[in-house]
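Welcome to this guided tour, and please keep your viewer open beside the text. At each stop you will select a few residues and then read what is there.

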Amino acid sequence: LRGAASGLRFWSRRQRPAVANLAVVCSRSMASKTPVGFIGLGNMGNPMAKNLMKHGYPLIIYDVFPDACKEFQDAGEQVVSCPADVAEKADRIITMLPTSINAIEAYSGANGILKKVKKGSLLIDSSTIDPAVSKELAKEVEKMGAVFMDAPVSGGVGAARSRNLTFMVGGVEDEFAAAQELLGCMGSNVVYCGAVGTGQAAKICNNMLLAISMIGTAEAMNLGIRLGLDPKLLAKILNMSSGRCWSSDTYNPVPGVMDGVPSANNYQGGFGATLMAKDLGLAQDSATNTKSPILLGSLAHQIYRMMCAKGYSKKDFSSVFQFLREEETF
């Protein structure tokens, strides 16, 4: 079944013939009866797994924190005790983990996926990790006769809940359709980027830009408020002007400006400052390896590291506004 799905090529909507459409529909109908493994049920993994359930996929679940599995178990999904057990019961597995170290442990650890992975399995890693680690994992997976693809995401928790994530996929192009079948249940955009590691490269570049734009939005809002402008009015003006960006119009960092974002909830939930600092560290390492100047990216990295050292590590990354407001040393 998985091999049949992987044989389907990706077509644009205009190019895709009716036969391919029928094949995809049939494949999904059949695949819905085949369990999918899911490892990592954190802020992002939880709603992603739920969207797979909504599309009819039975799940084989594992998380290092057993409490994270409880609601899935209560819903009738199967919970196992380690990643190896997931690999034993499913030939399509999605991992969503915080760091490179976590990903290495999940795949190559003593009870990792590679201990029991079946030949022909499709392993999709949606963690944001070092591209070099993705490439190494792909080599190990290939030795076991399976397929590895990196597919990090953008969009945040809100997009994960509403199935509006963007997936950036790296790996063997012939396997993209098989990956898209699953990823399309969790996101509205699934983009093939190239060989293994290119998905991570795209994600690192995106998050570096996101951090820079969030800091810029926070600085502009803070300055405007101190100059006497009403924050909602200032946000409105920015969002109809050339300074508009995602951080200003969709994820504004100022409390009271928008509903349904972390700044409206004391910066709880969302994308943690620790994870942003980690992603910026990956960007810094990649910049060093490629001799690429990232002046603002490096400064953003230092700002988020300072935030984590001063008690913001568990707050959403938009709390940089609060950090700037409270830091007298600036």
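## The whole chain

Start with a cartoon view: the chain has 15 helices and nine strands. Keep in mind that this is a predicted model.

Of the 330 residues in the chain, 50% are buried.

How do contacts relate to the order of the sequence? Among contacts between residues at least 6 apart in sequence, 64% join residues at least 24 apart. The next stop lets you look at one residue and its contacts.

## Stop 1: a buried residue in a strand

Select Ile-93, which you will find in strand β4. Is Ile-93 buried or exposed? Ile-93 is buried, because its relative accessible area is 0%, and a residue counts as buried under 20%.

Next, show what is around Ile-93. Leaving aside neighbours within four places in sequence, the residues in contact with Ile-93 are Gly-37, Ile-39, Val-86, Ala-87, Ile-113, Leu-122, Leu-123 and Ile-124.

## Stop 2: salt bridges

The whole structure holds eight salt bridges. Let us visit some of them.

Select Glu-181 and Arg-92, whose side chains meet in a salt bridge at 3.2 Å, N to O. This pair links distant parts of the chain: Glu-181 belongs to helix α9 (residues 176-183) and Arg-92 to strand β4 (residues 92-95), 89 residues apart. Both Glu-181 and Arg-92 are buried.

Now select Asp-85 and Lys-116. They form a salt bridge, and their closest N and O atoms are 3.1 Å apart. Here too, distant parts of the chain are linked: Asp-85 sits in helix α5 (residues 83-89), while Lys-116 is in the loop between α6 (100-108) and β5 (122-125), 31 residues apart. Asp-85 is buried, with a relative accessible area of 15%, whereas Lys-116 counts as partly exposed at 35%.

For another pair, select Arg-244 and Asp-249. Their side chains meet in a salt bridge of 2.8 Å, N to O. Arg-244 is exposed, with a relative accessible area of 53%, and Asp-249 is partly exposed at 25%.

## Stop 3

Move along to helix α11, residues 231-239. At its N-terminal end, select Asp-230, which caps the helix: a side-chain oxygen of Asp-230 lies 3.1 Å from the backbone nitrogen of Lys-232.

Which residues of α11 are buried? They are Leu-234, Ala-235 and Leu-238. Turn the model until you look down the axis of α11: the buried residues fall within an arc of 100°, so they line one face of the helix. Helix α10 is included in what covers these buried residues. On the other side of α11, you will find Lys-232 and Lys-236 exposed.

Now select Leu-229, Leu-233 and Ile-237. Together they form a nonpolar patch on the surface, with about 230 Å² of accessible area. Leu-229 lies in the loop between α10 (198-226) and α11 (231-239), and at 36% relative accessibility Leu-229 counts as partly exposed.

## Stop 4: two positive phi angles

For the last stop, look at the backbone. Select Tyr-267, in the loop between α12 (246-249) and α13 (273-290). Tyr-267 has a positive phi of about 60°, although it is not a glycine. With a relative accessible area of 2%, Tyr-267 is buried.

Then select Lys-291, in the loop between α13 and α14 (295-309). The phi of Lys-291 is positive as well, near 55°, and this residue is also something other than glycine. Is Lys-291 buried or exposed? Lys-291 is exposed, with a relative accessible area of 77%.

Definitions and conventions: Residues numbered from 1 in each chain as written. Predicted model: local features only at pLDDT ≥ 70, side-chain atom pairs only at ≥ 80, totals over all residues. Heavy atoms only, no water. Patch = residues over 30% accessible without salt bridge, like charges linked within 9 Å, V, L, I, M, F, W, Y side chains within 5 Å. Areas by Shrake-Rupley, 256 points an atom, 1.4 Å probe, with all protein chains shown as cover. Salt bridge = Lys/Arg side-chain N within 4 Å of Asp/Glu carboxyl O. Helix = DSSP H or I, 4+ residues; strand = E, 2+ residues; numbered from the N terminus. Buried < 20%, exposed > 50% of the residue type's maximum accessible area, 1.4 Å probe, protein only. Arc of directions from axis to C-beta. Contact = heavy atoms within 4.5 Å. Polar contact = N/O pair within 3.5 Å; in protein donor to acceptor, adjacent residues only side chain to side chain.
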